[in-house]
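Q: I have just opened this entry and would like a guided tour. Could we go through it step by step?

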Amino acid sequence: MGAGSKSQARVIVAATAIGIQGALINWMVPGFMALFGQQGALDNQEVGYVAAWEINAMALTIGLSTFLIPRINWRVLVGLGLGLMAVGNIGTGFSHTFDSILIARVVTGAGEGIAIGLSFATLGRTALPDRAFAIYLFIGALISAFLLLVLPWLQQSAGSSPLFIANGLISALVGAFLVWLPDGHQGGSDHPQRASAPIHWRLALGGLAGSFLYFLAQGATFSYLEKIGDASTITAEQIGLALAMANLSGAGGAGVAGLLPPRWGRGWPLIISGVLSVISFLALRGQVSLGLFIAAAVGMTFAWNLSQPLLSGLCSDADADGRIVCAMGSIQTVGFGFGPAVAALLLTGHDFSPVLWTSTITLIASVAVMLAGMTPAGRSRYPATGELKP
């Protein structure tokens, strides 16, 4: 392995570690919502609003990062983000009311957004962004699957406060990877063919709008998976097992996305993932058996992680400087953050059907918007596969 390859590998490792720690709530929002509930004895609506505020704070600072990445040393920005994550998580561990938990999670979300935004920009400027994002999602899904599997036991044995404090300490320790993160504010892709390309607005708009709708649909359903299982009298241990299996399937989805032959493009894989998501949403209506709950959770998460590297690669192709893929991180997080809030507004007791139908319609619309951005004119700069023309 040459020096350039080693340097690129270190960059991907650093961005992956920072991005996973920043996005952990996105992978584990049902588990985090259970922790919020225990920490402050919050009801279903309150935990939904806490999650929504944290994720929307995350989205805001990802958006701010889009404007800061050409101007400020990336290591300084990420260090600030990790510091806010440490303070917010430790503060959550000492908070026990709705208002205090909400404030602590907003601080946490602000730091998470900076970490995610800079990690996305870093991965998006690699030579093959689809595959870089697939690596990030694959590892993140494996880690979160393990954590979701052991979370019910940890929560029961240690309580929620030590878990939040431990997460804050881990956020600080991730700062060790800052030495491998590039000072990327000079601009330009790692690949010379992409460095001189202007923003391709058709790809950008299709990717950003489609990303918002896609994550709105997924966030509304995924965030309430634990509550859907509980309403069907599925035990906490069984729900934890189902969520762990789902995140393992997410690792599989990301792996498949990274291994897809370039000639397949992005269109058909996105359609397949959309169909699988819709089937999974609708399978959760009414009283759900354990087997069906696991199948729906597995299908939804596999489809989600199959689509994410493709969408990230599309937005990376739209702008070699990483601004569009960073903005995508903000847009998708806004959608994901509004998901729990929209679901909370639609809830009627333990009937989740309005949430599931709304997610279904929204997801279909998101795939249609993505495909509209990938017309032949929209693919003219790159072949929309994550591979560069010779």
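This is a predicted model: local features need pLDDT of at least 70, side-chain atom pairs count only at pLDDT 80 or more; totals for chains, interfaces and linings use all residues.

Q: Let us go inside. Which residues touch the most other members of the largest nonpolar core?

A: They are W27, V29, F36, Y136, L225, L284 and F293, in a core of 104 residues. Helix α13, residues 290-318, gives the most to this core, with 12 residues. As general background, nonpolar side chains in soluble globular proteins tend to be buried together.

Q: W27 is on that list. What does W27 touch, leaving out residues up to four places away in sequence?

A: W27 touches I20, Y136, L137, G140, A141, S144, L148, F222, N247 and N305. One of these, Y136, is also named among the core residues that touch the most other members.

Q: Changing topic: how many cavities of 30 Å³ or more does a search of the whole structure find?

A: The search finds five. The largest cavity has a volume of about 170 Å³. It is lined by 15 residues, and A23, N26, W27, F215 and Q308 are the closest to its centre.

Q: How does the lining of the largest cavity divide by class?

A: It has 10 nonpolar and five polar residues, and no charged ones.

Q: Which residues lie nearest the centre of the largest pocket?

A: Q21, L24, L147, N167 and I170 do, out of 21 lining residues. By class, that lining has 18 nonpolar residues, three polar residues and no charged residues.

Q: And what is the volume of the second largest pocket?

A: It is about 190 Å³. This pocket has 13 lining residues, of which A34, P152, Q155, E226 and A236 are the closest to its centre.

Q: Which element gives the most to the lining of the second largest pocket?

A: Helix α11 does, with five residues. The lining has eight nonpolar, three polar and two charged residues.

Q: While we are at α11, G258 lies in that helix. Is G258 buried or exposed?

A: G258 counts as buried because its relative accessibility is 16%, and the cut-off for burial is under 20%. Leaving out residues up to four places away in sequence, G258 touches R131 and A134. The C-alpha atoms of G258 and I135 are separated by 7.5 Å, although these residues are 123 apart along the chain.

Q: Where is S280, and what is it in contact with beyond its neighbours within four places in sequence?

A: S280 is in helix α12, residues 267-283, and its contacts are A296, G299 and M300. S280 counts as buried, at 4% relative accessibility.

Q: One last point: what is the phi of T233?

A: T233 has a positive phi of about 60 degrees, although it is not a glycine. In general, most residues other than glycine have a negative phi.

Q: Where is T233 found, and is it buried or exposed?

A: T233 is found in the loop between α10 (225-231) and α11. T233 is exposed, with a relative accessible area of 66%.

Notes:
Residues are numbered from 1 along each chain as its sequence is written. Side-chain values use heavy atoms; hydrogens and water are left out. On a 1 Å grid over the protein atoms alone, a cavity is a set of points where a 1.4 Å probe fits but cannot get out, and a pocket is an open set with protein on both sides within 12 Å along at least five of seven lines; lining residues have an atom within 4 Å of a point. Ala, Val, Leu, Ile, Met, Phe, Trp, Tyr, Cys and Pro count as nonpolar, Asp, Glu, Lys and Arg as charged, and the others, Gly among them, as polar. Grid points are joined across faces, edges and corners, and a volume is the space filled by probe spheres set on the points. Helices (H or I, at least four residues) and strands (E, at least two) are DSSP runs, numbered from the N terminus. A nonpolar core is a set of buried Ala, Val, Leu, Ile, Met, Phe, Trp, Tyr and Cys residues joined through side-chain atoms within 4.5 Å. Buried means under 20% relative accessible area, exposed over 50%, partly exposed in between (1.4 Å probe, protein chains only). Contact means heavy atoms within 4.5 Å.
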